[in-house]
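Have the structure open beside you as you read.

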Amino acid sequence: MLSLNLKKIMNRKALNIKQVSDLTGISRNTISQFYNGKSKGIQFETLSKLVNGLDVHLEDLIDSQSSLPNLDFYIEQITDPDDLDILGDPEWAFEVGLVDPEENTDAKNHGTVVKFRIPTKIKVSAKSNKRLFNTLWINWDYSSLEDLIDPEISKRELLVDTIVSSSDNDFEMAIGSICRELIEELLKIDKFNKLFKDIHFVKFETNITDDLEWNPEDETYLQKSKVLMWNKETITNTNMFDYYIDTKYL
């Protein structure tokens with residue numbers, strides 16, 4: 001369940017339930033439920049009212065237990081496994097769903113407010129000028145989220161906060177688990193299985209972050225990508241990957 005830091009914020013600002021209700025336009029009964037941790041869910045519109053009414057940032061309002069490592073996930077292929085153009089770099093599309101484990105016995109069929117459906121592009125990149133495949137590229141792209149997150153596109157901002165609220169250690173551990181399961185699903189595809197023996201590296205990249213960089217060509221700010229990369233043996237072996245994480249983040 002999505003947890004709020006409302007009680008801490010109210011105490012810090014010396015606000016009571018009536019005052020918060022007046023500031024946000026949310027009923028006193030609802031504020032009371034949030035304050036006492038008895039609410040069973042929250043709409044994004046309500047989150048927006050709290051953020052604006054209390055003049056706080058979204059990351060201040062949402063408890064860190066809603067970070068990426070605390071969410072379960074499911075994986076579903078959304079392209080035909082036979083749709084493989086061997087003349088180009090092979091590509092597949094999957095959907096990764098993030099859900100709250102406390103409210104879901106069946107992650108794929110029971111949604112909550114903390115549920116995000118993320119289009120995941122997977123590509124096998126070849127070495128330059130050779131037909132030897134060496135990198136499996138897994139991508140989450142911010143711009144693709146509006147196709148599968150409904151009804152409010154602004155939920156993308158909540159997903160960004162969920163991701164960036166995770167420490168680097170927890171983020172890499174969670175993404176590693178997702179990538180490992182994606183590989184297991186891909187290995188069920190005959191055409192991928194034949195390519196996998198020539199893959200040396202697995203690269204995960206996403207621009208679903210709050211880190212911006214200036215683009216001088218368009219004179220706009222773009223979301224900066226976050227990149228993780230492992231060799232194939234490390235990411236596909238749980239024990240090796242756990243040791244790698246422990247060593248990296250000593």
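## Glu 185 and its partner

Glu 185 is partly exposed, its relative accessible area being 25%. This is a predicted model, and in it the side chain of Glu 185 forms a salt bridge with that of Lys 188, at 3.0 Å from N to O. Lys 188 has a relative accessible area of 60%, so it counts as exposed.

In the model, 6 salt bridges are counted. One of them joins the side chains of Lys 248 and Glu 172, with an N to O distance of 2.8 Å. Lys 248 belongs to helix α10 (residues 238-248) and Glu 172 to helix α7 (residues 168-186), so this pair ties together parts that are 76 residues apart in sequence.

How do the two ends compare with the cut-offs? Glu 172 is buried, with 0% relative accessible area, while Lys 248 is partly exposed at 42%.

## A pair within one helix

Lys 49 and Glu 45 also meet through their side chains in a salt bridge, at 3.9 Å from N to O. Both sit in helix α4 (residues 44-54), and because they are 4 residues apart there, about one helical turn separates them. Glu 45 is exposed at 54% relative accessible area, and Lys 49 is partly exposed at 33%.

Is Thr 234 buried or exposed? Its relative accessibility is 10%, so Thr 234 counts as buried, the cut-off for buried being under 20%. Thr 234 is part of helix α9, which covers residues 232-236.

Setting aside neighbours within four places in sequence, Thr 234 has contacts with Met 240, Phe 241 and Tyr 244.

How values were computed: Residues are numbered from 1 along each chain as its sequence is written. This is a predicted model: local features need pLDDT of at least 70, side-chain atom pairs count only at pLDDT 80 or more; totals for chains, interfaces and linings use all residues. Side-chain values use heavy atoms; hydrogens and water are left out. Helices (H or I, at least four residues) and strands (E, at least two) are DSSP runs, numbered from the N terminus. Buried means under 20% relative accessible area, exposed over 50%, partly exposed in between (1.4 Å probe, protein chains only). Contact means heavy atoms within 4.5 Å. A salt bridge is a side-chain nitrogen of Lys or Arg within 4 Å of a carboxyl oxygen of Asp or Glu.
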